[in-house]
Amino acid sequence: MQPTADFNPSKLARSLLRRSRQGALGTLMAGSGDPYCSLVNIACHFDASPILLISRLALHTKNILADNRVSLMLDERAAGDPLEGARIMLAGRAEEAAGEAAETLCRRYLNAHPSAQVFVNFKDFSFFRIVPTGAHLVAGFGRIIDVTPEQFLTDVSDAEGLLEAEQGAVEHMNEDHREAMNLYATRLLGAGSADWACTGCDPDGMDMQAGSVTLRLDFPERVTNGTALRKMLVRLAGEARAKEPASP
């Protein structure tokens, strides 16, 4: 089925990856190769690929260690009929991280799931990143399409400066600029007022969360270092303050 002209599959796929916090993980049973599905918490890497924190005691981890081909189903958790909301089935390989790479995954995962702090030092738990090989996106009639990783992952090859500055920026926004976070949510994204927190920044935008609700604030231009990020957030705060609040 060909997508309609006003449909931007790359943007929607990336948004689902950035905003999702849970998903259905498909693995292959060790030995038999039979399909196995489990519910997992997820976060996203700097480039939008999914991050898992899983235990070697879990069956899905044993399956991955025997054959790391996986699939991951994500949906936008829309109200009403869930089949009317957008969803994506991601295929790829789950790769265990170590060293500095594991530290990066840990940092981003804990920003999204602070309660997981109690598990990160358990010896049986490890961080895995799903390296996508493709995805199937369903977003309604005339909006069904296969997308490649190049279409939905964020290019971070020129953004080492931003990666280094990201955690400091996240902490600074959450400690000193919660008012600005609320303005982004209410006046730029049309969400309700809440205790919005920043969970991550990347060249294309910022991820926000209040309880179980997540938002994605897209930047009008790419940013690749800490200075550019600061200027962008100040600019967007100014635009939010200048915009009339939504009517109740």
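**Close-up views of a predicted model**

Tyr 109 and Phe 127 are both buried (buried means under 20% relative accessible area, exposed over 50%, and partly exposed in between, with a 1.4 Å probe and protein chains only). This is a predicted model, in which local features need pLDDT of at least 70, side-chain atom pairs count only at pLDDT 80 or more, and totals for chains, interfaces and linings use all residues. Residues are numbered from 1 along each chain as its sequence is written, and side-chain values use heavy atoms, with hydrogens and water left out.

**View 1. Aromatic pairs, starting with Tyr 109 and Phe 127.** Searching the whole structure turns up four aromatic pairs (rings of Phe, Tyr and Trp, its six-membered ring, with centres within 6.5 Å; planes under 30 degrees apart are stacked, over 60 edge-to-face, the rest tilted). One of them joins Tyr 109 to Phe 127 edge-to-face, at 5.7 Å centre to centre and 70° between the planes. This pair links distant parts of the chain, 18 residues apart: Tyr 109 sits in helix α3 (residues 99-112) and Phe 127 in strand β7 (residues 125-138). Helices (H or I, at least four residues) and strands (E, at least two) are DSSP runs, numbered from the N terminus.

**View 2. An aromatic cluster of Phe 119, Phe 122 and Phe 125.** Within it, look for Phe 122 and Phe 125, an edge-to-face pair with 6.1 Å centre to centre and 65° between the planes. Phe 122 counts as partly exposed because its relative accessibility is 42%. Phe 125 is also partly exposed, because its value is 21%.

**View 3. Helix α1 (residues 9-19), mostly covered.** Nine of its 11 residues are buried, including Pro 9, Leu 12, Arg 14 and Leu 17.
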